[in-house]
Amino acid sequence: MTAKPKLYYFRGRGRMESIRWLLAAAGVEFEEEFLEKREQYEKLEKDGCLLFGQVPLVEMDGMMLTQTRAILSYLAAKYNLYGKDLKERVRIDMYVDGTLDLMLMIMLAPFKPPKEKEENFALIMKKAKTRYLPAFEKILKDHREDFLVGNKFSWADVQLLEAILMLEELNASVLSDFPLLKAFKTRISNIPTIKKFLQPGSQRKLHPDQHYVDVVRHILQF
Amino acid sequence: MAGKPMLHYFNGRGRMESTRWLLAAAGVEFEEKLIESPEDLKKLVNEGSLMFQQVPMVEIDGMKLVQTRAILNYIATKYNLYGKDIKERALIDMYVEGVADLGEMILLLPVAPPGEKDAKLALIKEKTTNRYFPAFEKVLKSHGQDYLVGNKLSRADIHLVELIYYVEELDPSLIANFPLLKALKARVSSLPTVKKFLQPGSQRKPPLDQKTLEQGRKIFK
C-alpha cells in the first residue's frame with residue numbers, strides 16, 4: 001500500500017505552493033510536516049534527506065525528491081497532466097517556465113528590503129501586463145480551446161491559474177484587459193479538484209506575512 | 001525534410017551554452033543566428049518569434065522553442081538522454097536543477113555590481129565546495145557507476161561536466177578533493193562527440209570578455 005506523499009516545508013507558500021496546487025489538482029491527498037525551528041531543518045540535513053541542503057522536499061514513491069521543478073515534472077508525468085506526446089510536453093514546459101519566472105518575482109517580493117518593495121511591485125505588474133498575460137491571452141485566442149495545450153487539462157493550466165490568483169491578490173483588476181484569461185480563470189477554478197482546493201480549510205496556504213518571512217529567515221539563516 | 005536546429009542568441013555562452021553542449025554531445029549538427037544589435041532582437045520580437053520576448057530561442061522540428069529548460073527537456077528526450085522512466089527522469093531533473101542553480105550564480109557573476117563581485121565569487125566557491133560538488137561526488141560514490149543515473153550517459157552527466165569546466169575556469173583547485181567528479185569529467189570529455197566539441201573551431205563559446213559583455217548589455221539593456 002503506497003503512503004501519501006509527504007511535503008516538508010515552512011508553513012507558507014514559497015516554492016512548495018505550486019506542488020500543493022498540482023497534487024490537489026490531480027486529486028492526490030498529501031501530508032505535510034512544517035519547518036518551524038532550525039533544529040528540524042538541521043535534522044533533515046543530517047539524515048541526508050536534502051540533496052543540496054534545501055527544501056522543498058517531497059517524500060514519495062520511495063524517493064526523497066528536492067528541486068521544485070523536478071518534483072512538479074514528476075507529478076505532472078505521474079498524474080497525466082503533461083500532454084500526450086513530446087510536442088505537447090514542450091509547450092507545457094514553455095508555458096510553465098514562463099509562468100514560474102513571473103511567480104518567482106512574486107515569491108521573492110516579501111524578502112526585498114523595504115525601500116525596494118514599491119519598485120519591485122511595479123516591475124511585477126509591468127511584466128505581468130506586458131509580457132506574460134498577453135502571451136497566454138494570445139494562446140487562448142489562437143486556438144479557442146478551453147485549456148492551454150491539447151484541448152485537455154494539464155499542468156500548464158494549473159500553474160497559470162495559481163499565478164493569476166496571486167496577481168489578483170496584488171491588484172484585483174490585473175485581468176481587466178484579458179477577457180479570455182478571465183474566462184479561463186473561472187473555468188479552471190470550477191474543476192472539482194481545484195474548486196475543493198480553493199475552499200477554506202484546504203491545504204492551500206495564505207499570502208505571506210511578516211511572521212512567515214521571519215521564520216524562513218531564521219531557519220535558513222539569511 | 002527537417003533542417004538542422006537553428007539557435008538564436010548572442011555571440012556568447014549565456015543561457016544558450018548548455019543547449020550547444022547537449023546538442024553537440026548528442027551528435028546533432030546545428031546552426032546559429034547571432035543577435036548582434038538591439039535591432040536584431042527587436043526583429044525577432046516583432047515577427048512574433050519569441051513567446052516571452054526573450055532568447056534563447058531554438059527553431060527545431062517546426063517549432064520556435066523558448067525557455068531554456070523547455071528546450072533542454074525536448075532535446076534530451078528526443079535524443080534519449082533523459083533516463084528510461086519517470087523515476088530516472090526525476091533523479092536527472094533533481095541533479096540538473098542543482099547544476100543550474102550553481103550555473104546561474106556563475107552566469108551572473110560578470111554582471112554583478114563591482115563592489116559585490118568578490119563576495120559573489122567567494123559564495124560560488126563556498127557553495128561549490130560545501131554543497132554541490134559533495135552532493136554529486138556522493139551520488140557517484142553511492143552506486144559506483146560510470147554515470148550519474150541508470151548506469152547510462154544522460155543529460156545530467158553532460159550538464160555537470162560543463163559546469164565542472166566553468167568552475168575550473170574560476171579556480172582549478174576546487175575539484176581537487178573530488179576524485180569521482182574528476183573521473184566523470186575525463187570520461188565524458190573523451191566521448192567522441194564531446195571530445196570534438198571541446199576542440200578549437202567547434203561552436204563552443206569562450207568565456208565572456210569585456211567586448212562581448214558590452215555588446216550584450218546594449219542588446220539586452
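# Reading a predicted model: chain B and an annotated span

Guide: Thr68(B) is found in helix 3 of chain B, a helix made of residues 68-78. Helices (H or I, at least four residues) and strands (E, at least two) are DSSP runs, numbered from the N terminus. The model is predicted: local features need pLDDT of at least 70, side-chain atom pairs count only at pLDDT 80 or more, and totals for chains, interfaces and linings use all residues. Residues are numbered from 1 along each chain as its sequence is written, chains are lettered from A and ligands numbered from 1 in the order in which they are written, and side-chain values use heavy atoms, with hydrogens and water left out.

Visitor: Is Thr68(B) buried or exposed?

Guide: Buried means under 20% relative accessible area, exposed over 50%, and partly exposed in between (1.4 Å probe, protein chains only). Thr68(B) counts as buried because its relative accessibility is 18%.

Visitor: Which residues does Thr68(B) touch, not counting residues up to four places away in sequence?

Guide: Contact means heavy atoms within 4.5 Å. With residues up to four places away in sequence not counted, Thr68(B) touches Arg15(B), Ser18(B) and Pro56(B).

Visitor: What does the radius of gyration of chain B agree with?

Guide: The radius of gyration is taken over C-alpha atoms, and the globule rule is 2.2 Å times the number of residues to the power 0.38. For 221 residues, a compact globule would have a value near 17 Å; chain B has 18 Å, which agrees. Of the 221 residues in chain B, 48% are buried. Among contacts in chain B between residues at least 6 apart in sequence, 66% join residues at least 24 apart.

Visitor: Which residues of chain A does the UniProt annotation cover?

Guide: UniProt positions are given in the numbering used here, feature names are shortened, and annotations may be inferred rather than shown by experiment. In the unreviewed UniProt entry, "domain: GST N-terminal" covers residues 3-83 of chain A. The end C-alpha atoms of that span lie 26 Å apart, and the span is 36% helix and 20% strand.
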